[in-house]
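Keep the structure open while reading.

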Amino acid sequence: MKPADESPLVYSTSAVSLYGTERVTIDTLEAFADERPVVMVAPPGPAVELARSKGITTYTYSNLLVKWWLLFRLSWRAPAMHLITVSVVDSYLYLLARLLQGRSPRHLHVIHGSGYPETSYVSKRYLKHLPVDVVAVSQYAKETLCGYSGLDPDKVGVIENFVGEALMSVVQPRPSYSDGGKIAKLIVISRLEPPKRVDLLLDSIEQYPQAWKGLSVEIFGHGPDLESLMARASLLGPDSVALTFHGFVPDVTSRLPGFDLMLNFSPVEAFGIVYLEAMAARVLVLGPDRGSGVIEPGRTGLQFGADDPKSLADSIQKIRDLDNAEINRLVGAAFAELQTRFSTSRALAEYRSALEGKVPNTKGRTAIVPTDRGAGP
């Protein structure tokens with residue numbers, strides 16, 4: 001389809017892997033590509049490779065000077081460009097480029113997740129001094145951001161993440177739970193670092209082995225905790241639970257339909273796009289009762305007490321005892337959420353408003369943010 005708006009949308013990021021932030025970045029650009037040119041500015045890595053495979057124009061950089069020059073050139077060629085940033089540094093780079101060109105530096109800054117908000121979110125306080133509109137990917141992310149940065153909650157909107165239509169069109173749904181036996185195969189997709197709390201899985205297995213006995217858990221992801229987790233797993237008894245560490249696997253989403261339950265442990269998850277990917281594959285989800293709020297407990301998935309190995313074990317036992325009709329009800333309701341709350345059309349409408357300076361609030365309504373917007377995009 002020919003773009004309806006010739007002003008490009010540029011998404012500038014510092015992320016290189018293919019975890020949630022990177023996949024959402026690419027999904028957002030891919031969704032906008034039908035109506036305007038889209039560009040991603042990022043360091044070399046798997047995210048760039050995936051973006052290019054989807055036909056997204058990409059520019060890579062090796063240092064901040066090169067990144068600034070890329071933003072300067074893109075702005076020079078397209079004065080009406082729209083920019084989305086996720087880094088305060090990128091916002092300053094764009095500010096400098098646009099002011100040198102005598103153009104409005106206003107743009108959209110998106111707050112994704114952070115396992116270390118006490119450092120990364122604190123730096124967002126500098127956004128108070130910049131001509132930016134700010135949105136977070138969940139109400140939890142907004143509250144955490146404002147708590148650490150001092151940003152005015154009335155000037156921070158929320159645009160929840162979504163599952164791209166490209167994934168929805170190709171995802172292979174898991175067969176109905178009525179067609180198989182009980183819950184047996186579990187999957188974890190996560191960076192292996194302290195805030196993600198994958199160690200809670202080992203805590204729970206070690207302390208409450210009976211709840212986990214006979215299950216298989218496959219863990220996809222890498223990070224600084226990988227070796228310590230593998231060392232602990234090697235000490236488990238042979239008749240306990242089968243744990244397999246795969247490291248980082250780019251196409252892990254396509255493997256979801258082969259599992260019965262997706263686990264997430266992080267109580268500081270700002271959103272957790274993997275929840276939506278599991279819902280799209282019609283796989284049951286279990287996560288902590290703190291964080292993003294993607295799961296509606298008892299309706300679209302199940303929750304356990306955050307940071308509590310006994311609560312996790314109790315929830316696993318409860319799920320193992322569920323009848324298949326109840327599981328099918330949960331995954332059916334979760335899938336339906338992808339057509340409404342987490343749909344591409346909803347997200348695009350809210351991003352369009354935000355790019356024009358009208359930041360959506362948590363209930364999908366649009367609130368005009370009282371800022372002094374200059375001329376420009």
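Axes here are lines fitted to C-alpha atoms, for helices over the stretch in contact, and angles run from 0 to 180 degrees between N-to-C directions. Helices (H or I, at least four residues) and strands (E, at least two) are DSSP runs, numbered from the N terminus. This is a predicted model: local features need pLDDT of at least 70, side-chain atom pairs count only at pLDDT 80 or more, and totals for chains, interfaces and linings use all residues. Residues are numbered from 1 along each chain as its sequence is written, and side-chain values use heavy atoms, with hydrogens and water left out.

Start with helix α1 (residues 20-32) and helix α14 (residues 344-355). Their axes come within 11 Å and cross at roughly 85°. The two helices are therefore roughly perpendicular (angles of 65 to 115 degrees; under 35 counts as roughly parallel, over 145 as roughly antiparallel, and the rest as oblique). From α1, T28, A31 and F32 make contact with T344, L348, Y351, R352 and L355 of α14; contact means heavy atoms within 4.5 Å. This set divides into 5 nonpolar, 2 polar and 1 charged residues. Ala, Val, Leu, Ile, Met, Phe, Trp, Tyr, Cys and Pro count as nonpolar, Asp, Glu, Lys and Arg as charged, and the others, Gly among them, as polar.

Now turn to α8 (residues 199-207) and α10 (residues 226-233). Here the axes come within 10 Å and cross at roughly 15°. This pair is therefore roughly parallel. D199, L202, D203 and E206 in α8 meet L229, R232 and A233 in α10. The contact holds 3 nonpolar, no polar and 4 charged residues.

Next, the interior. A nonpolar core is a set of buried Ala, Val, Leu, Ile, Met, Phe, Trp, Tyr and Cys residues joined through side-chain atoms within 4.5 Å. Buried means under 20% relative accessible area, exposed over 50%, partly exposed in between (1.4 Å probe, protein chains only). The largest such core has 105 residues, and W212 and L243 have the most contacts inside it. Helix α11 (residues 273-280) gives the largest share, 7 residues. A second, separate core has 15 residues, including V39, L71, L74 and A97.

L243 touches L201, L202, I205, V217, I219, A233 and L236, not counting residues up to four places away in sequence.

Finally, S240 sits in the loop between α10 and β10 (242-247). Is S240 buried or exposed? S240 is buried, because its relative accessible area is 14%. Beyond its neighbours within four places in sequence, S240 contacts I205, W212, K213 and G214.
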